[in-house]
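The points move from individual side-chain pairs to the fold as a whole and then to local backbone features.

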There are 2 protein chains.
Amino acid sequence: MLKENLNSVTAFAPATCANVSIGFDILGFSFDGAGDFVTLKKRVDGKIIIDNIECEEKLPLDPNKNTASVVIQKLCEDLNIQNGFSISIKKGIALGSGMGGSAASAVAALTAFNAFLKKPLSLQELSNYALLGEEAACGQKHADNIVPCLYGGITLIQSTDPIHVVELPVPNLHCVLIHPYLKVETKHARGVLCTSVPLKECIKQSANTASFIAALYQANNALLKKSAQDFIIEPQRAHLVPGFYEVKKAALDSGALVSSFSGSGPTLFALAETKEMALTIAENMQNTFLAHEIKTEFWISKMNSKNAFVVEAH
Amino acid sequence: MLKENLNSVTAFAPATCANVSIGFDILGFSFDGAGDFVTLKKRVDGKIIIDNIECEEKLPLDPNKNTASVVIQKLCEDLNIQNGFSISIKKGIALGSGMGGSAASAVAALTAFNAFLKKPLSLQELSNYALLGEEAACGQKHADNIVPCLYGGITLIQSTDPIHVVELPVPNLHCVLIHPYLKVETKHARGVLCTSVPLKECIKQSANTASFIAALYQANNALLKKSAQDFIIEPQRAHLVPGFYEVKKAALDSGALVSSFSGSGPTLFALAETKEMALTIAENMQNTFLAHEIKTEFWISKMNSKNAFVVEAH
C-alpha cells in the first residue's frame, strides 16, 4: 500500500483566502506567498506522533489537537496502514489569522501522505479528509480553505456533501494579504453571525455572487469590483477588527478592486491590477492599522497561485 | 422629439421565464414562442387611451390599470411629449400565468414608443420605465421579466437601483413552458414567501447560483443540472399548484435538465437538450397535470430567443 523505498516526504501547502468578499463558505483562492511545510517520516511502531512544530507561538504536540495529525490518523485507520508516522510542521501561517492555517497544515500532511501511496487518492478524496481536520479545528466542515489549498487557483464549492468543486478562471490580479497582530478564532467569528438572513439581502448577495462569477469568465475587472460587495457577513464581523472600515477604505482609495476579510479575519485581503499598486495598497493599509496602534505583516502574490505540492521525498 | 413621418408602430415583446429555478428575482430568459403585440397610434389631443385589448379574458381599458399605458403615460410626462397615443394590445400571454405577461405588454409599448423617438432611449433607460409598470402590476419593482424581455437571451440583474444587467451565454437548449389553467397572482405568490432565510440555505443557494453561471460559461449541461436546485423559493410555492412535484418529476424523468416554476407560476418550465426530448417532456407534463384534472397549454422554443422588436411602422 505504501511505497517501500520512501521514508520521508515534505510537502508545502499555501495560505488561502476564503470567502472572497461575496462567497461566504463557497469561494476561495490559494496564495502561495505564505504557507505551511509538513514532513512525514515513516515509523515502524504504528504510532502517529508530532515531533516538532516550528512556529512563533507554542503549540501543543498532542496529535488529537492538530489538523495535520488528525487527518493522518483517520487516513491510516481507513486504509488500514500498519506503519506510523512522525510529523514535523513548520508553520508559515499564524493560527487564527484567517489565512487558512489549519487547512494548510492538514493539506500539507495529506499531500505528503499521498506521495507515500502506491495508488494516490484523488483531490476530491483528499478534500473529504481535510474537511475532518477543519471540523476538529473549528467545529464545522467548511471547505473554502481546503479546496483552493488542494486545487490551487480560485475555486467554488458547489456542494460539500458530497464535495463538488468548480475550478474558476483565475483573474490576472495581484493580491495583498495583511495580517494585523490580533487573534480572531474562527469559532468566535462564526458565532457572531445571525443564523438567518433577510430574503432581500439573500437576493442581493446571490446577484453579486453570480455576477462575480460572470466577471471572472469575462475577465472584466469593472464588473468584479461592482460585484464584490458583501451585504451579509462583513457588516456582522467588522467590529472584530478595530479600524476595519478605515483600512478597507484605504485599500479602495489606493486603487484596490476589492477588499474585505480573508476568511473570518482578522487578515484582510485586497486585489490590485498591478504589483506596484498592490504595494501601495499594502503600505496604506499598514499605515491605517498603525494609526489604530495595530502592527501588521503583509504579503503580496499573484492570484494564479499553485496548489499544495511535494517539496522533498527520499 | 417624435419623428414626424411616423403615425403608427406595432412592437412584439416575448414571454419570459423568470427565476430559472435558482435565480429568484435576478435571472430570466426570453421565450419568443409566445408574446404580446402592442400598437401605438399618435393622437393630436395629448390623451393616452387604450382602444382595444384582444385577449381571452375581459380586461379593463382604464389606462391607469395596464402596464402598457402606465409606462407610456410616465414617458410622455418625463419627456414632455405633447402628442397622445391610442394603444391597442393583442395579448398572447395569459395574465397571472407566470410567463411575464405584464412585462411583455409594458416592453412592447416601450419598444413601439422608442421607435417614434428621434433619439431613442437605451435599453437601460427603457428598463427603468418598464420597472414602473411592474410596480403598478404587482407592487414590486422586480426586473427579472422586463430585462430578458428587453435584452433577449438569458440575463442576470446584478442590481436594480440603478439597474445593471449582465448578459449571459445562452445554452444550446430547448425550453418547454406549460401553462396549467389556474391563476396565481404574482402578489399572492410573493406573499407566501418568508421574509427571512436560514443562513445555511442562503449559502447553498448562492453556491448553486454561482455554479449555474459557471455552467453557462462552460456550456456544461451536467453542471447546469446539478446546480439548478432551488432550496428557498420553490418549496414555499409548490402548494400553489396541485401536483407540482409530480409534474416536475415527470419532466426530470423524461430527461429534462431542469424544471421548476416559470416566474411565480403556475406555469412550469423545463429545459431539454433536443427538440424531440422537449416534446416528450411537454406531453408527459401535460398528462401528469391531466391526472390532477388540470388542463394545460404548452409552447416549445429554443433558449436563444430574441428581445422585443418593432413589427410594423408607418
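Predicted model: local features only at pLDDT ≥ 70, side-chain atom pairs only at ≥ 80, totals over all residues.

1. The side chains of A:E234 and A:K248 form a salt bridge, with N and O 2.9 Å apart.

2. In general terms, side chains of opposite charge can pair when their charged atoms come close.

3. A further salt bridge joins A:E4 and A:K118, whose closest N and O atoms are 2.9 Å apart. The two residues come from distant parts of the chain: A:E4 sits in the segment before β1 (8-18) of chain A, whereas A:K118 sits in the loop between α2 (101-116) and α3 (123-138) of chain A, 114 residues apart. A:E4 is exposed, with a relative accessible area of 60%. A:K118 is partly exposed, its relative accessible area being 44%.

4. A:R43 and A:D45 provide another example, their side chains meeting in a salt bridge at 2.7 Å from N to O. A:D45 is classed as partly exposed, with a relative accessibility of 41%. Over all chains, a search of the whole structure finds 12 salt bridges.

5. Turning to the overall fold, chain A contains 10 helices and 12 strands. Its radius of gyration is 19 Å, close to the 20 Å that the globule rule gives for 314 residues, so chain A is as compact as a globular protein of that length. Taken along the principal axes, the C-alpha atoms of chain A fill a box of roughly 55 × 40 × 35 Å.

6. How much of chain A is buried? Of the 314 residues in chain A, 59% are buried. Among contacts in chain A between residues at least 6 apart in sequence, 73% join residues at least 24 apart.

7. The surface and charges of chain A may be taken together. Chain A exposes about 12400 Å², of which carbon and sulfur atoms supply 50%. The chain carries 27 positive and 30 negative side chains, and the centres of these two sets lie 2 Å apart.

8. In chain B, B:A207 is placed in helix α6 (residues 199-218). B:A207 counts as buried, with a relative accessibility of 2%. Which residues does B:A207 touch, not counting residues up to four places away in sequence? The residues touched are A:I26, A:L156, A:I157 and A:Q158. Within chain B, the C-alpha atoms of B:A207 and B:I22 are separated by 9.8 Å, although the two residues are 185 residues apart along the chain.

9. One joins B:D161 and B:P162, with omega about 0°. B:P162 lies in the loop between β5 (154-160) and β6 (163-168) of chain B. The other joins B:G265 and B:P266, with omega about 5°. B:P266 is located in the loop between β9 (258-261) and β10 (268-272) of chain B. As a general rule, most peptide bonds are trans.

10. A:D25 has a phi near 70°, a positive value in a residue other than glycine. A:D25 is found in the loop between β1 and β2 (27-43) of chain A, and this residue is buried, with a relative accessible area of 14%.

11. B:V20 likewise has a positive phi, near 50°, and is a residue other than glycine. B:V20 is placed in the loop between β1 (8-18) and β2 (27-43) of chain B. At 1% relative accessibility, B:V20 counts as buried.

Notes
Residues numbered from 1 in each chain as written. Chains lettered and ligands numbered in written order. Heavy atoms only, no water. Salt bridge = Lys/Arg side-chain N within 4 Å of Asp/Glu carboxyl O. Helix = DSSP H or I, 4+ residues; strand = E, 2+ residues; numbered from the N terminus. Buried < 20%, exposed > 50% of the residue type's maximum accessible area, 1.4 Å probe, protein only. Rg over C-alpha atoms; globule rule 2.2 N^0.38 Å. Contact = heavy atoms within 4.5 Å. Areas by Shrake-Rupley, 256 points an atom, 1.4 Å probe, with all protein chains shown as cover. Lys, Arg positive; Asp, Glu negative; His and termini not counted. Charge placed at Lys NZ, Arg CZ, Asp CG, Glu CD.
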